[in-house]
Amino acid sequence: MLSLELGGKKRNSADDEEEGKGWSEETESGADGDDVDTEDEEAAAPADAHVKSASEEVTTYCYDAKTGERCPAPTGLTAVMEGGVKYAVDLERGHKTGFYVDQRDNRAMVRALAAGKNRVMDVCCYTGGFALNAALGGAKKVIGVDSSQPALDIATQNAALNGVSKSCSFVNAEAFRHLDACIEAGQAGTYDMIILDPPKLAPNAAAVPRAVPKYVGMNQRAMKLLRPGGLLVTCSCSGAITQRGLLTEVVSAAAASAGRRVTMLGAPRGAGGDQPLDPFYPEGNYLTVIVCRVA
């Protein structure tokens, strides 16, 4: 088992790079067609890997989690396990560490909520984290949407790794265009659950006025597609949004615009318990996740 000491481990407000996960039409680089290595490798000799953190290249060191010794960095796709779910991760060319570990608890929540659901959509799905958990939780049909084909190639492999290829499929599309296309195709009111996990739309405070309408627009479209009583899981990884408590207002504004009524199922959530917050660094509070029932 490998543990990684990575720069930029968590998405936070200090990172001003706007990621392309499910938003930009530009394709991110990825490991298209690489095989998944599911074997633990013996540490042969210390080696450094270079991965992208934010907009610059940094040196990364790999350590064996059992011995603490330096070991060679993995190449290609690496298989990891989270809550019984297998994921292929591109440590070298994927976004940040190659996998959004901060959503661990929220993925488990989606898996529990998916029981008995007929149609689920995971928008900005990256390599399929939420989509896979929805399928494994019992959802009959799950669609993952992202604009990065390399990410979707890995998502497809992940579905196969977990035996949910029949119930889980992926679409290469820009988020807003896909939601609009679904509405135009007469799919309004047909989804049981929709997950929205867009990239950082507000990289800093100055970008908030431009970002809020985007958040509202995406949530409004999702609400239109949900059946009465359907569930919306909506996220913001923008620290400038989270630290101002704006996602709750976004949800309210989207509901008013869509002509729907929403009930929040509990308080807003954040990153998992393994992502501690430093009280002397409030800027580290960057992720908001809201779960609501849409009437």
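At what angle do the axes of helix α1 and helix α2 cross? In this predicted model, local features need pLDDT of at least 70, side-chain atom pairs count only at pLDDT 80 or more, and totals for chains, interfaces and linings use all residues. Residues are numbered from 1 along each chain as its sequence is written, and side-chain values use heavy atoms, with hydrogens and water left out.

The axes of α1 (residues 104–113) and α2 (residues 129–136) cross at roughly 35° and come within 7 Å. Axes are lines fitted to C-alpha atoms, for helices over the stretch in contact, and angles run from 0 to 180 degrees between N-to-C directions. Helices (H or I, at least four residues) and strands (E, at least two) are DSSP runs, numbered from the N terminus. The crossing is right-handed, that is, the near helix is turned clockwise from the far one by less than a right angle. From α1, the residues N106, R107, V110 and R111 meet G129, F130, N133, A134 and L136 of α2. Contact means heavy atoms within 4.5 Å. By class, this contact has four nonpolar, three polar and two charged residues. Ala, Val, Leu, Ile, Met, Phe, Trp, Tyr, Cys and Pro count as nonpolar, Asp, Glu, Lys and Arg as charged, and the others, Gly among them, as polar.

An open sheet of seven strands runs in the order β9-β8-β7-β10-β11-β13-β12, with mixed pairing. Two strands pair if DSSP finds at least two bridges between them. The edge strands, β9 (168–172) and β12 (262–264), each pair on one side only. On average, neighbouring strands of this sheet are turned by 20° against each other, direction ignored. Helix α5 (residues 208–225) packs on the sheet and touches β7 (119–123), β10 (191–196), β11 (226–236), β12 and β13. The direction of α5 makes about 155° with that of β11. β12 pairs with β13 (residues 288–294) in the antiparallel sense over three bridges. Within β13, C292 is the bridge partner of M264.

Elsewhere, β5 (residues 77–82) and β6 (residues 85–89) pair in the antiparallel sense over five bridges. A79 stands opposite A88 in β6. The two strands β5 and β6 form a hairpin with two residues between them. In the turn, G83 has a positive phi of about 60°.
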